[in-house]
Structures are given as C-alpha cells and as structure tokens.
Amino acid sequence: MLYEVAAESKQRMVSPLSISPGVVPFRLGGKRPKCFFALLKSFLGTALMGFPCEPEKVSMLLKSNPSFVRVCGFAPKGERDEYCSRHIPSERKLQQFDQIMSEWGLWDKMKIALVTENIETGAIKIEKEVVGDTTHYYAYSGFETVKYKDEDGKEEQKKSQSKLTKRCRCQDRDKCEHDWVLADEGAGTIVKSITKMYWGHKASIVGFPRQGVPLDARAVLDGPTHDGETYFPHVEKVFDTYPVIEESVKRALYDSACDSRDLKDKFMDKLGLELKASLNPRRKNGITDGLPRGMEKITPYGVVICNGGHEMDYKGMRYEKEKFIYHAPTDTDGEPVCSTCLHQVECCPNSLTGRMINISFGLLPHIDTEDPPMAKRFKAIMTRRPSVERMIKRLKCDIGDDRLSKRGNLAFQAYLDKTMIAFHLLLQN
C-alpha cells in the first residue's frame with residue numbers, strides 16, 4: 001500500500017518500503033527534507049511523557065531536552081547556522097507535519113493498526129462486554145448566542161454557537177462572495193446539570209470494562225448531542241473497524257442516558273447485543289401512598305425504605321401475582337434488623353425471620369420487570385460500567401489535557417487518535 005507523503009506536492013506517491021529511519025525520499029531539487037520517523041517519534045514521545053501531543057509542546061521539548069532530541073533521531077544545532085536535515089525542526093514544520101497527518105487520516109490509521117496488533121498479540125484480551133461514555137474537552141474558541149424560531153415559526157428560541165468566520169483573506173470580508181462558516185465546528189454548550197455547562201467538544205469512548213482498555217475515542221460531530229444518540233453508531237463503528245471482536249461481545253453497558261426501550265431493541269435487532277443501562281427515573285418522585293404497613297417510602301429506583309430507616313433487600317418477583325418481593329436486611333451477626341427495631345410492634349410483631357412484603361408492579365410502572373435494576377445480577381453487571389471513567393481519566397489527564405489548543409472536529413479527532421496511540425504503545429510494555 002502506498003501512502004501520500006507530499007509536503008510540497010500531493011501528487012507524488014512514495015512506497016513505504018523505500019524509506020526508513022534516517023532515509024528520506026529522493027528529491028531532484030531543494031533542501032533535504034526532515035525524517036518522517038524522527039518527526040513521528042517526537043510527537044509520540046511527547047504524549048508518552050504526559051504532555052499534550054501538540055506541535056507547541058513538541059517544539060518546547062525538542063528545544064529544552066537534548067536527550068529527547070537524540071532519541072527522536074535529530075541532532076542539536078551545532079556551530080554552523082546553515083540548514084541541516086538532522087537539526088531539530090521549527091515549530092512551523094511541526095505544525096505542517098501534524099496538519100498533513102490529520103488531513104490524510106494517518107493518525108487514525110496508526111491507531112487502528114496499533115489496536116489491531118494489540119488484539120492479535122494478546123495484549124488486549126477480547127471480552128464479552130463493551131462499555132461506553134462521553135466526556136468533554138474545553139474548546140479553544142468563543143461562542144455567541146443566536147436567536148431562532150422553532151419548527152412552527154412561532155416561539156423564539158436561543159442557542160449558543162461558534163462565532164462565524166471566512167476562510168478567505170479578502171480585504172473586505174463583509175462584501176466578498178465567500179461563505180461564512182463556523183470558526184470551531186463541532187463545539188457547543190455541553191450541559192452536565194442545571195448549574196454546570198461547558199463550552200467545548202464532546203468525545204465518545206468505547207472499551208473493554210474488565211481490563212479498562214479503550215478501543216476507540218471518537219469526536220462527536222456536534223457537542224450538544226445527547227449521550228444516548230452517540231453510543232449505538234460508535235459501537236457499530238468499532239465492530240466495523242475490528243470485526244474480530246464482534247462475535248465475542250454480547251453485552252453493552254452505559255449510564256442512564258441509554259435507558260430507552262427503543263434503543264435496547266435497536267441494539268438487539270441490529271447488533272445482537274444486550275444493552276444494560278442504569279435506571280433513569282425521569283424525574284419521578286418517591287412513592288409514599290399505598291405502601292404496606294411499616295414502610296416509609298419507595299425511591300424512584302425501586303428501593304423500599306421502612307420506618308426504621310432500613311433499606312429492604314430485593315428478593316425476586318411473583319410473575320403470576322405481579323408482585324416484587326422484599327425482605328428485611330440482616331445485621332453483622334446475620335440476624336434480621338427487625339429484632340432490634342423500635343418499630344417492630346407496629347410492623348411485624350409476630351415475625352421471627354424479619355418482615356417480608358410484596359409490592360405491586362403497578363406502583364413501579366417505570367421498572368422493567370424483565371430486568372429490574374434492584375436485582376443482584378443487574379447490580380453486579382453494572383459495577384463494571386464505571387471502568388470507562390478510568391479510561392477517560394487516562395486519555396484525558398494522564399496522556400493529554402482537557403483543554404484543546406486547536407479548533408474544529410478534524411483537529412479534535414487527531415488529538416484523540418494521538419492519545420489513543422500513546423496509550424496502546426504503553427500497553428505493549
């Protein structure tokens with residue numbers, strides 16, 4: 001396979017077998033180019049050292065660390081000031097290299113090749129589950145608030161978007177014929193809660209939960225996109241990229257953003273996966289009316305709390321009677337807490353084994369009776385879901401930074417690819 005290595009001309013094709021560390025493609029004229037492998041090592045080395053893999057940081061390390069310069073394959077500048085291909089590159093040259101690698105998708109190809117190699121060599125063991133989540137990176141741009149009307153054209157709405165700009169260099173940009181475009185496409189207001197909103201880019205992460213290994217990190221095209229809309233296409237993309245894992249994976253884990261019956265059916269019908277998502281009570285309040293004797297309330301998550309403040313243990317269901325079964329918990333000695341409870345007389349005066357109650361399905365209509373979130377099996381499975389948070393922390397904090405220094409989805413995807421490459425290089429050692 002041939003790769004495009006044209007810094008000056010994108011029409012020239014060079015065989016990968018014709019170049020190697022220290023050997024560059026032949027040129028009829030001009031200065032001898034920099035070594036591709038030395039430039040690549042400088043970027044990956046920067047990420048492996050825990051710095052953001054951006055040209056500015058690479059240039060800083062090359063100028064301040066002579067040992068790093070030699071490891072990458074460059075040579076510190078000597079007494080002569082004339083150009084030498086082995087001298088450390090300028091920041092401009094590093095920016096050009098990163099731009100070419102990003103525009104031609106070479107960072108992405110390297111990431112896929114490295115993950116595939118780790119799967120084939122056993123550095124990554126194929127699991128039966130995948131887990132996913134999204135995270136935000138602070139955008140390197142500003143925003144403006146615009147007003148628009150809804151689909152019916154009646155009510156006026158407000159939204160934040162990236163500022164507009166033009167790619168041209170016309171002197172009178174207000175009157176030139178070139179189109180206005182978003183200065184930072186993909187950036188948007190990411191809402192975490194009513195009081196927490198961030199202007200940034202959103203990334204989707206998918207990986208194996210038991211090992212805590214990310215398989216892919218993908219830039220979401222529009223930052224405000226709901227998390228529930230990102231998981232299915234991302235898992236589908238991962239299966240297309242790494243078909244070797246598709247047959248083994250049987251379950252997908254996510255948080256409450258994917259708690260949707262339609263989405264679960266979509267995963268099963270199109271991918272053959274069982275989607276497990278944390279319960280989303282959708283602003284339901286606790287239940288206090290129509291409860292059995294001695295019970296204080298039922299939380300929106302199906303947890304029954306008695307008047308003594310104890311959480312009743314979920315035991316199962318009676319399908320024929322459409323009832324959930326709960327039993328009083330036990331203390332450290334294995335005795336029911338009812339034996340020492342102040343409310344025993346009014347709750348269960350004649351019970352020696354502790355109070356047992358039945359809750360009608362009708363009191364908890366939002367609970368999936370086929371897979372109740374109160375069950376021990378469901379809780380055991382969902383304990384593996386938070387492993388994606390550790391993946392995010394390693395990619396976002398240990399190998400990179402949560403503040404971007406470039407704009408646009410293309411640069412953001414390249415940044416994610418470079419952190420993924422560094423992670424899987426470390427996984428091999």
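# Notebook: loops, pockets and core

I started with Glu322, which sits in the loop between strand E15 (313-318) and strand E16 (323-327). Helices (H or I, at least four residues) and strands (E, at least two) are DSSP runs, numbered from the N terminus. I am working on a predicted model, where local features need pLDDT of at least 70, side-chain atom pairs count only at pLDDT 80 or more, and totals for chains, interfaces and linings use all residues. Residues are numbered from 1 along each chain as its sequence is written, and side-chain values use heavy atoms, with hydrogens and water left out.

**Entry 1. Positive phi**

I looked up the phi of Glu322 and got a value near 55°, positive in a residue other than glycine. Its relative accessible area is 48%, so Glu322 is partly exposed. The cut-offs are under 20% relative accessible area for buried, over 50% for exposed, and partly exposed in between (1.4 Å probe, protein chains only).

Arg283 also went on my list. Its phi is near 60°, again positive in a residue other than glycine. I found Arg283 in the loop between strand E12 (274-277) and strand E13 (295-298). Arg283 counts as exposed because its relative accessibility is 83%.

**Entry 2. Domains**

I noted three entries in the division: domain 1 (29-104), domain 2 (111-149 + 157-278 + 385-428) and domain 3 (295-369). These bounds come from an automatic or database domain assignment. I then checked domain 1 against domain 3; their C-alpha centres lie 66 Å apart.

**Entry 3. The second largest pocket**

Where does the second largest pocket lie? It lies between domain 1 (29-104) and domain 2 (111-149 + 157-278 + 385-428), because both give residues to its lining. I used a 1 Å grid over the protein atoms alone: a pocket is an open set of points with protein on both sides within 12 Å along at least five of seven lines, while a cavity is a set where a 1.4 Å probe fits but cannot get out. Lining residues have an atom within 4 Å of a point.

The volume of this pocket is about 640 Å³. Of its 23 lining residues, Gln99, Glu103, Lys406, Arg407 and Ala411 are the closest to the centre. Helix H4 (91-103) and helix H11 (409-427) are the elements that give two or more residues to the lining. H4 gives the most, with seven residues. Volume here is the space filled by probe spheres set on the points, and grid points are joined across faces, edges and corners.

I sorted the lining of the second largest pocket by type: five nonpolar, seven polar and eleven charged. Ala, Val, Leu, Ile, Met, Phe, Trp, Tyr, Cys and Pro count as nonpolar, Asp, Glu, Lys and Arg as charged, and the others, Gly among them, as polar.

**Entry 4. The cavity**

How many cavities of 30 Å³ or more does a search of the whole structure find? I got one. The largest cavity has a volume of about 90 Å³. Its lining has 17 residues, and the closest to the centre are Cys306, Cys338, Cys341, Cys347 and Arg355. This lining divides into ten nonpolar, six polar and one charged.

**Entry 5. The nonpolar core**

I counted 94 residues in the largest nonpolar core. Such a core is a set of buried Ala, Val, Leu, Ile, Met, Phe, Trp, Tyr and Cys residues joined through side-chain atoms within 4.5 Å. Trp107, Tyr231, Ile245, Phe267, Phe324 and Tyr326 have the most contacts inside it. H11 gives the most to this core, with eight residues.

Not counting residues up to four places away in sequence, Phe324 touches residues including Tyr314, Met317, Ile357, Phe361 and Met374. Contact means heavy atoms within 4.5 Å.

**Entry 6. Buried residues and a loop**

Ser387 lies in helix H10 (residues 387-398). Ser387 is buried, with a relative accessible area of 2%. Beyond four places in sequence, Ser387 touches Val131 and Pro209.

I found Arg385 in the loop between helix H9 (376-382) and H10. At 13% relative accessibility, Arg385 counts as buried. Among its contacts beyond four places in sequence are Val131, Asp133 and Asp255.

Pro214 lies in strand E10 (residues 213-219), and its 0% relative accessibility makes it buried.

Last, I looked up Asp402, in the loop between H10 and H11. Asp402 is partly exposed, at 23% relative accessible area. Its C-alpha is separated by 9.1 Å from that of Pro52, 350 residues apart along the chain.
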